[in-house]
Amino acid sequence: MGLLKNKYKFLVTALLFLLSGCGGGGSSLDEPTPVYTPPPPPPVNSAPVCAQSGYANTLYCTTKRQNVDREFYVYLPNGMDLSNSQVPLLFSLHGYTSRALWNMGYSGFQSLADRDKFIAIYPQGTILPSTGETHWNVGGWTYGSPTDDVDFISSLIDWAYSEFKIDRSRVYSTGMSNGGYMSYHLACNLSSKIASVASVTGSMTPETYNSCSPNHPTAVMQIHGDVDTVVPYYGNWRSRSIPDVMEYWEEYNNCQNEDISILSDVNNDGDGGFLFNYDQCLDDVEVTLYLMSNMGHEWPRYSNGNDIVAAEIIWDFFKQYDINGKIIE
C-alpha cells in the first residue's frame, strides 16, 4: 500500500508540473483561439479622366469616389488661360430624377462664364436605391441613401484646383429643386470650401436644417414660386418652409435690415413678384429671396414666360462674394 501511495503522489506531482508549464490550471485549453479579421479595404478613389464631350468648350469626365462611379461635365470659358487661371468655380446641380446634361442645357451659365471667366461644373447624381431615380443625398425623401455627395463635391473642388488653379476662395453652388437642397447642404457641411449658394425651387430638409453647421457668414439666395406644389413655399414633411430657411440664414449671418420691393412684370402677363433682401449682415453678406407670383416648380427664364432670368441674377449675386464675405474692389 505504501508503494502504491507513493507512486500515486508521484504521478499527481508530475501532472501538476506539466500543466503549470502550459499556463496553469488547463485554462488555456478552454479558451478559443482568436480569429484574425483583416481591416476592410479603403474605399476606391480614382482621379477624374476627361475627354471632349462633343459640346463646345465642354469636357465629359468620369471618376470613382468611395467605390462609386461618378460623372460630370466641365465648361471652360472661351479665352481662359488654363496655365494661370485663378478663376471662380460654379457648381450647377440638377434636380431629382434629372441629369447633368439637361441642367447644362437649361440653366444658362455658359454665356456668363464666357463673359466673366469662370468655370462651371455640372455633376451627375447617383441612383437612389429605394426609387431608382437620380438624386442628391440630403435627407428627407432621400433618407437612407448610401451616397456621400459632400465628399464627391469636395473632391471635385480639389481636382479643379490641381487641374485649373481655380480661386479656392470663390467656389459657389446653385441648383434646381434637389440641386437647391444640395447647395444648402454644402453650405452647412462643406462651409470651409463654399463661398455662397443659391437655390432655385429647393429648400432645406429637416436633416440639413437641424444639423447645419457653417463656419463663416454665407451669402444665400433663394428663388421660389408661390404656387410650387412640388416644393411648397410653406413646407411639408421633407422640407422646411422657405420663410424658415430665410430666417435661419438671416439669423446666422446676423442681418440687421430687411427691404421688401415689388418685382417688375417684365412680360406684361399680370404677374411679377417680391424681392426680400436682408443686409447689414456679418462680413457684409446678404440673404435674398425672389418670390415669384404664379410661378410653379421651374427654372425661371424669359423664354419660359418668367420675369427674371435665374442664371443672370444668381451669377450677379455670386460674383460679389468670396469666402470672406463681400469682395472689396
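**Salt bridges**

Lys326 is partly exposed, with a relative accessible area of 26%; partly exposed denotes values between the limits for buried (under 20%) and exposed (over 50%), computed with a 1.4 Å probe on protein chains only. The model is a predicted one, in which local features need pLDDT of at least 70 and side-chain atom pairs count only at pLDDT 80 or more, whereas totals for chains, interfaces and linings use all residues. Residues are numbered from 1 along each chain as its sequence is written, and side-chain values use heavy atoms, with hydrogens and water left out.

Lys326 forms a salt bridge with Glu286 at 3.5 Å, N to O, the term requiring a side-chain nitrogen of Lys or Arg within 4 Å of a carboxyl oxygen of Asp or Glu. This pair links distant parts of the chain, 40 residues apart: Lys326 belongs to strand β15 (residues 325–326), and Glu286 to the loop between β12 and β13. Helices (H or I, at least four residues) and strands (E, at least two) are DSSP runs numbered from the N terminus. Glu286 is buried, at 16% relative accessible area.

By the same rule there are 10 salt bridges. Asp116 pairs with Arg115, their closest N and O atoms lying 3.0 Å apart, and for Asp316 and Lys319 the corresponding distance is 3.4 Å. Salt bridges with shared partners join Arg115, Asp116, Asp316 and Lys319 into one network. Its members include Arg115, partly exposed at 48%, and Asp116, partly exposed at 27%.

**Helix α8**

In helix α8 (residues 242–252), the buried residues are Ile242, Val245, Met246, Tyr248 and Trp249. Viewed down the helix axis, these residues fall within an arc of 155°, so they line one face of α8; the arc is taken from the directions from the axis to the C-beta atoms. They pack against α6 (178–189), α7 (206–211), β10 (219–225) and β13 (287–292), a contact being heavy atoms within 4.5 Å. Asn254, which follows α8, has a positive phi near 55°.

**Nonpolar core**

The largest nonpolar core has 88 residues, and Trp249 and Ile223 are among those with the most contacts inside it. Such a core is a set of buried Ala, Val, Leu, Ile, Met, Phe, Trp, Tyr and Cys residues joined through side-chain atoms within 4.5 Å. Helix α5 (residues 149–164) supplies the largest share, eight residues.

Leaving aside residues up to four places away in sequence, Ile223 touches several residues, including Val200, Tyr290, Met292 and Ile314.
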